Amino acid sequence: MKLALKILGVLLLLALAAPFAMAWWLQSYVSPDYLVKATEEHCNCRAELDSSTLTIFSWPPTLRLSGIKIGPRDEHVGKPLKERPPLKDAPIQIQLAYAELLSDDIWQRRITPNLISFAGIEVQETLDPATGSALEKLFLPPPPSGPAIASAEIPRVTSATEAPVPEAPAPGTPRTYDMTTAPPAEASAPPPKPGRIPLREIRFEQAHFHITNHAVAAHIDADIRDLDLILSDIDIDPDDLTRHNRLHASLKTKITVKGLAQINGKMQPVQFADISLQGTGKVVPINPTTLTWKPEATLDLILYRGSTIGGHMTLGDAAGDQLNKLKEYGIDLLAVRIGGSLTADATASVFYDREALFFKAPTRIALPDIEFTVKQDAWINTTRDAQFMPIHILFGPTIREPLINGIKQTGLGDSLSRAILSLISDEAGNPYIDLVLTGSLSKPDVQHELMNKLGKLTKGSGVKELLKDDNIGNLLQGLLKKL
């Protein structure tokens, strides 16, 4: 009887101790040393992690990582964290990464994130004409001759059958760590195909991205701040990307874009945009052919009133040579600024693919003196410093009245003046001009068809004389808009 009671007592003790043993065992796989070691084994970087906390006695189980830093690979890779100096000026810094885990998988010796949230993100990216992206290099495989990493002290499971070390992806990559399967194949073998992503949501809170692009003439400097991004309804299965390759995105942020533009014949520092926006849409994240992260997004955006777009350049800066020819008809648009501060919210339906933004529908932007509409199928690519922007510019009263007076003062006669004004006005009598901007953002090529229309109108002195006759001019005026 005493023996039975002792056995029962031991069994109860083991039963009570089992969850704590499991917690300690799992904690060894999320320790800072282990996670840093796994990251540096798979990426060409140096990583730093201040602390990690795994809580399995809560609902849901959670994992918290604090003080994440990722920088260029150096001689300290492979050393225990306590023997390394602090990583300074790291281009990627994350104050907190928080993950909610699937509780059923915990008891199957797997750590499967169901939700991941990042807070306090600071990212510095530089694009150089000679070396390309600075951040992209950090996530390439490490060089074969890189520093040895065998000396890192990683907690191990001490049992008769020791669990293999799971393969770890780059920080922030959602996936399941299976701690019961066989060890990964040799490095020379092809990597296993990833399984279905179990995540339902990824959050970025108050993120800050600073991107400097010296690879283009405009030397673009983009500052994306106060970014809140939620990726939800995640449905990604590499085995069936035809039906399972999408997620929903919602975002809110402020963006400032600065750079160089040619003004008065010289490259000068300017501000291209300073906007506040929010948006929602659908994202196709994976390229079905390469199985790499190449997102395509269809987004509906709202640009808030008070945002600034352009304004650094006048029509004279952009197309002075062409617009000078209009002066003989009294049309002087050289001082008109392209852009300004939005007087009302603007909505845009856009498609994003490979750093290019395409306008799926006309986008109307109201400014103090002008209103311009970016036409459908326009696009802009800040990474490549390229654009195709057909724009319809409608002039407000402050520009309309001087324009009308300028045409009347040319001495072409009342009929011809009214005919010219009709040619550059819409059905409501508002003057406008259609432009197409192509080439570099810093020095765009500008095209317009107004000179061709005026040339048809005034071709030959006979036509001019006829139009000076009020009766004939009135008869022809209704036909001018068809040119």
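How many bridges join strand S15 to strand S16? There are four, and the two strands (residues 346–353 and 356–359) run antiparallel. Strands pair here if DSSP finds at least two bridges between them. The strands (E, at least two residues) and helices (H or I, at least four) are DSSP runs, numbered from the N terminus.

Before going on, a word on the model: it is predicted, so local features need pLDDT of at least 70 and side-chain atom pairs count only at pLDDT 80 or more, while totals for chains, interfaces and linings use all residues. Residues are numbered from 1 along each chain as its sequence is written, and side-chain values use heavy atoms, with hydrogens and water left out.

Back to the strands. S15 and S16 make a hairpin with two residues between them, and Arg354 in that turn has a positive phi of about 50°. S16 also pairs with S19 (residues 379–381), again antiparallel. Here are the two pairings side by side:

| Strand pair | Bridges | Residues standing opposite |
|---|---|---|
| S15 and S16 | four bridges | Val350 and Phe359 |
| S16 and S19 | two bridges | Phe358 and Trp379 |

Now for the inside. The largest nonpolar core has 100 residues, and Ile331, Leu333, Ile393 and Phe395 have the most contacts inside it. Strand S9 (residues 220–236) gives the most to this core, with eight residues. A core of this kind is a set of buried Ala, Val, Leu, Ile, Met, Phe, Trp, Tyr and Cys residues joined through side-chain atoms within 4.5 Å. Ile393 touches, among others, Leu315, Phe372 and Tyr432, not counting residues up to four places away in sequence; contact means heavy atoms within 4.5 Å.

A polar atom of the Glu48 side chain lies 2.8 Å from the backbone nitrogen of Leu87. Leaving aside neighbours within four places in sequence, Glu48 is also in contact with residues including Val36, Gly67 and Pro85.

Asp239 sits in the loop between S9 and S10 (245–263). With a relative accessible area of 57%, Asp239 is exposed. Asp239 and Pro288 are 49 residues apart in sequence, yet 9.8 Å apart in space, C-alpha to C-alpha.

Methods
Buried < 20%, exposed > 50% of the residue type's maximum accessible area, 1.4 Å probe, protein only. Polar contact = N/O pair within 3.5 Å; in protein donor to acceptor, adjacent residues only side chain to side chain.
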